Structures are given as structure tokens and as C-alpha cells.
Amino acid sequence: MTKQQKLLTLNLFLLTFVLGTSEFVIVGLLTEVSNGLNIAISTAGALVSAFAIAFAIGTPILTAVFSRFSKYPLMLVLIAVFIAGNMLTAISGSYALLLASRVITAVVTGVLIALAMAISSETVPSEKRGAVISIIFTRFTIASVIGVPLGTYIGQWGGWHMTFGFTALLGIGSFISSSATIPRGLKGTRSSLKKQIGLLTNPRMIIAFFIPAFSIAATYTVYGGSRRTWS
């Protein structure tokens, strides 16, 4: 791999780490959100479900819609929307606004992850693709081990609004690094929603989906139970 490809891989890893931190950190802040907005903990927990549903439904639809656009400007625009979504979350003073901002962030997060996978596949040698994609996907683990505890600490110390101000700041860093490392000549490849949904008929894709799904569900079930016990 060339130096530029290594820098691109590092940038995509950091980007997906930021996305993962923004995605999962709300799990550690449900008590703070509940107290801050004077809502039930179960209502605050619905933010997690709303994010997951928006992510699952919005990602294949928008990936198909945006597939024809060049990847460089599309990536930067979506990162900018991600930053705006986190800033909106940071200033949210009502549950409705907070819910809307999390849905926006969820949809953008899914498309950005898909783009990161596509860019890595198109820019690194074929023999290195598996390794690079696995590095990018470690964002789930690293975000859980470092990003979520750090974001939770910030939220408990300075309020949950500050946590999402922090993730917006990380997003700005990702925007700058992406603008410098992502190749500008990557063209879009027209896709369709039918092709996206058709992947669910592939047994290997279904197995690949359920392995991380059950793993993440088990992790955050324990985490959420621990948070309720502590609180």
C-alpha cells in the first residue's frame, strides 16, 4: 500500500470511530437525558430504538438514491450533515427536537459507513481489501471501549449536551481529514433499492448480519442493565 492509501485507511477508520461513538454514546447517557428533559427513562430509551430503525430503513434507501453521485463531494456533504445533526442534538431543549436530530444523524451515519466501505474497496489493492475493511469495522469495538466511556464521562461531568458538542467537534476533524485524503476521481455507480433489498435473500449476508447484531445486542443489554443498577 502507498502512503496515500495508508492515510486514507486511517482516515476512514477515524471517521467510522466518530460515527460509532455518536451512535452508541446515547446508551450511557439515558439517565442524564431523562433527568434533563424530565421524561421517563423508557421514553429516553426510545431514542436508541429510533436511531436503530432510521439506520436500518434509511441506509439502503439513501444509498441507492445517492449511488450515482461522485463519492468525494458526497462524502463531505454527508459528514457536514452529520456534524449539523450532532450540533442540533447538542442544543436540543425538547424531546421532539432531540428525536428528530437523532433520526437525521442515524440515516447519515448508515450512508457514510456504506461509502467508507465502497471507497476502501475501490482505492486499495485487492489483496489488502479484506484487511482494510476489517480495520474500518473495528470502529464498533474501539468506539465501545474508548468513545462511549469518554462520551459518557463528558456527559456526566458537563451535561449530555456537551457530549454531542464533542462528537460534532470530532466530526469537524473527520471532515478536514476526509477532504485531504479521499481521492477526488471516484465516480458513482448507479444502484437501486431493489438491489439493496435483494442482498437480504443471500444466506451469507443474513448470517453476516445476525452475527454482529446479536453481539451488539448482548453487549448493550448488559451495559444498559448495569446503568440502571448504578442509577
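The model is predicted, so local features require pLDDT of at least 70 and side-chain atom pairs count only at pLDDT 80 or more, while totals for chains, interfaces and linings use all residues. Residues are numbered from 1 along each chain as its sequence is written, and side-chain values use heavy atoms, with hydrogens and water left out. The chain contains ten helices and zero strands (DSSP runs numbered from the N terminus, with H or I of at least four residues for helices and E of at least two for strands).

**Overall fold**
- From the N terminus on, the order of elements is α-α-α-α-α-α-α-α-α-α.
- Of the 231 residues in the chain, 40% are buried (buried means under 20% relative accessible area, exposed over 50% and partly exposed in between, with a 1.4 Å probe and protein chains only).
- Among contacts in the chain with a separation of 6 or more, 82% join residues 24 or more positions apart (a contact means heavy atoms within 4.5 Å).

**Nonpolar cores**
- The largest nonpolar core has 29 residues, and those with the most contacts inside it are Leu 12, Met 75, Leu 78, Leu 112 and Ile 119 (a core is a set of buried Ala, Val, Leu, Ile, Met, Phe, Trp, Tyr and Cys residues joined through side-chain atoms within 4.5 Å).
- Two or more residues of this core come from each of helix 1 (3–24), helix 4, helix 5 and helix 6 (129–137).
- Leu 78 touches Phe 66, Val 108, Val 111, Leu 112 and Leu 115, not counting residues up to four places away in sequence.
- Another core, of 14 residues, lies apart from the largest one and includes Val 27, Val 33, Leu 37 and Ala 44.

**Surface**
- The chain exposes about 11,700 Å², of which carbon and sulfur atoms supply 71% (areas come from the Shrake-Rupley method with a 1.4 Å probe, and for residues only the protein chains shown count as cover).
- Ile 53, Ile 57, Ile 61 and Val 65 make a nonpolar surface patch of about 340 Å² (patch residues have over 30% relative accessible area and no salt bridge; like charges are joined within 9 Å, and nonpolar side chains, namely Val, Leu, Ile, Met, Phe, Trp and Tyr, within 5 Å).
- Ile 61 lies in helix 3 (residues 41–66) and is partly exposed, with a relative accessible area of 37%.

**Salt bridge**
- The count comes to one salt bridge (a side-chain nitrogen of Lys or Arg within 4 Å of a carboxyl oxygen of Asp or Glu).
- Lys 71 forms a salt bridge with Glu 122, and their closest N and O atoms are 3.1 Å apart.
- Because Lys 71 lies in helix 4 and Glu 122 in helix 5, the pair ties together parts that are 51 residues apart in sequence.
- Lys 71 is buried at 6% relative accessible area, whereas Glu 122 is partly exposed at 38%.

**Aromatic pairs**
- The whole structure holds two aromatic pairs (rings of Phe, Tyr and Trp, the last by its six-membered ring, with centres within 6.5 Å; planes under 30 degrees apart count as stacked, over 60 as edge-to-face and the rest as tilted).
- The rings of Phe 51 and Phe 55 are stacked, because their centres are 6.5 Å apart and their planes at 25°.
- Both Phe 51 and Phe 55 lie in helix 3, four residues apart, about one turn of the helix.
- The rings of Phe 66 and Phe 69 are tilted, with centres 6.2 Å apart and planes at 55°.

**A buried loop residue**
- Ser 92 sits in the loop between helix 4 (71–90) and helix 5 (95–123) and is buried at 1% relative accessibility.
- Leaving aside neighbours within four places in sequence, Ser 92 is in contact with Leu 97, Leu 98, Ser 101, Trp 160 and His 161.
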